Amino acid sequence: MLNLTYSYRIYPGLDQEAQMLDWLEQCRRVYNYALAERKDWINSRKCLVNACSIKQEYIIPADTPYPDYYKQQNALTKAKEVIPELKAVHSQVLQDALKRLDKSFKFMQERGFGFPRFKKFGQYGSFVFPQFKSNPVNGFEIKLPKIGAMPINLHRPIPDGFEIKQVRVVFKSSGWYAQLILQSDVAVPEPMPHGEPIGIDLGLEKFLAVSTGKLIERPRFFVDLQSKLRWLQRKLRNKKKGSANYRKVQVKIRALHEHIYNIRREFHFLTAHKLCDIAGMIFAEDLNLKMTSRGMLAKHCLDAAWGSFLDILKWVSWKRGIYFAKVDPNGTSQTCPQCGAHTRKKKLSQRVHHCSECRYTTDRDVAAAQLVMQRGIVAVGQTVILPVEEGCLETPMKQEISSVKKGSPRSTRIG
Ligand SMILES: [Zn+2]
């Protein structure tokens, strides 16, 4: 089974647009209400009976169960009877707002940080129709339940053998989009491990390091655009909230966000193709297994960008018949890729890997990428060829993996 997401521009009429904006707002309310409910419950369990705060108290009876997805969904059904605005929204669309919250809680539990936040007005930008009985796209129109038909720009055709499973309606500053989630039941063979292996390490300073020694820089225009964004945000703070000028700046900020998103995506695709040009197997770090250090926690956005890059890389390599797998990245900065010796933990400022045992010297991110590659190769059951740098006279050209293994016992493959 294969999933694809294709994004198309749609053109709602004025009434439809007003309706869709209202749906976004109702979804946002449901999301925030459900989040508050969970937050209160969690806070009410936090303090001990003998150490309660005098100032404020969350009074929730001890036997009240945690408001999980199913309880909140039942509560939503009841709430609809008294709140007519909710009834106007397609029921599955509203349920999906709860599912979205549930997902972000699960994501937080897996990663250990990132408590879901309340969404401010305008921050809830999309809703989903999770199911379709029949194909909603017909010629040049898409028919959305309860909203009706509207023109869709099918700038590329929906591939044969694919069915529309879900539709996500997205509101961007440039207009409305429908993201069609397409599914095919045709079994597609996964690429087998073959050819030249490479490992990559995603970094803070450089965008990524390749095990071949190549470093790919973060493009300069990102920095420029980010500073432009900060400048606009500062400008926004000086405007009177809700005034015409405030809104004007707000519109500019949204447009810039979208522009940055598009440019980043383009850069990700380009980089993914570049990597596929030089490799038959690509190994990357599994970000879900990565222990993020304290300093990295602040880099949430960057983290999200890494995740979307790996998704794109996975997709591009699949399309080009290149094997892609993720490995456990922990400890890659402490192990020497050449002799497997454990080196001291490097500080972020320390840019060079230098092994005191075998004297192997290289960029620290390249060293990490080489370890990622070795772990990947072990995971697919092939032999590791160790990096050799000019000037390292004492090192043999090839070494069996046994010497590396002690540094990489936890290789995992996540397809
Ligand atoms: Zn070494």
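How many bridges pair β4 with strand β5 (residues 148-153), and in which sense? The two strands pair in the antiparallel sense over four bridges. The model is predicted: local features need pLDDT of at least 70, side-chain atom pairs count only at pLDDT 80 or more, and totals for chains, interfaces and linings use all residues. Residues are numbered from 1 along each chain as its sequence is written. Helices (H or I, at least four residues) and strands (E, at least two) are DSSP runs, numbered from the N terminus. Two strands count as paired if DSSP finds at least two bridges between them.

**The seven-stranded sheet**

- Seven strands form an open sheet with antiparallel pairing, in the order β2-β6-β7-β1-β5-β4-β3.
- Its edge strands are β2 (126-129) and β3, each of which pairs on one side only.
- Strand β3 (residues 137-138) runs antiparallel to β4 and is joined to β4 by two bridges; Val 137 stands opposite Ile 142 in β4.
- In strand β4 (residues 141-144), Ile 142 and Leu 144 lie on a covered face, whereas Glu 141 and Lys 143 lie on an uncovered one.

**Hairpins and positive phi angles**

- Most residues other than glycine have a negative phi.
- The hairpin of β3 and β4 has two residues between the strands, and Gly 139 there takes a positive phi near 65°.
- The hairpin of β4 and β5 has three residues between the strands; Lys 146, found in the loop between β4 and β5, has a positive phi of about 70° although it is not a glycine.
- Burial is judged by counting other C-beta atoms, placed from the backbone, within 10 Å of a residue's own: 20 or more make it buried, 12 or fewer exposed, and a count in between partly exposed.
- Lys 146 is exposed because it has 12 other C-beta atoms within 10 Å.
- Arg 359, in the loop between β13 (352-354) and β14 (361-363), is not a glycine either, yet has a positive phi of about 65°.
- Arg 359 counts as partly exposed because it has 16 C-beta neighbours inside 10 Å.

**The five-stranded sheet**

- A further open sheet has five strands in the order β10-β9-β8-β11-β12, with mixed pairing.
- The edge strands are β10 (215-216) and β12 (323-327), and each pairs on one side only.
- Strand β9 (residues 208-210) pairs with β10 in the antiparallel sense over two bridges, and Ala 209 stands opposite Leu 215 in β10.
- Helix α8 (residues 364-379) packs on this sheet, touching β8 (197-202), β9, β11 (281-285) and β12. Contact here requires C-beta atoms, placed from the backbone, within 7 Å.
- The direction of α8 makes about 130° with that of β8. Axes are lines fitted to C-alpha atoms, for helices over the stretch in contact, and angles run from 0 to 180 degrees between N-to-C directions.

- Helix α6 (residues 244-278) has 35 residues and reaches 52 Å from its first C-alpha to its last, close to the expected 51 Å; the expected span is 1.5 Å times one less than the number of residues.
- In α6, His 268, Ala 272 and Leu 275 are buried.
- Phe 222, found in helix α5 (residues 220-238), is partly exposed, with 15 other C-beta atoms within 10 Å.
- Phe 222 and Ile 260 are 38 residues apart along the chain, with 7.4 Å between their C-alpha atoms.

Methods: Two residues are in contact if their C-beta atoms, placed from the backbone, lie within 7 Å.
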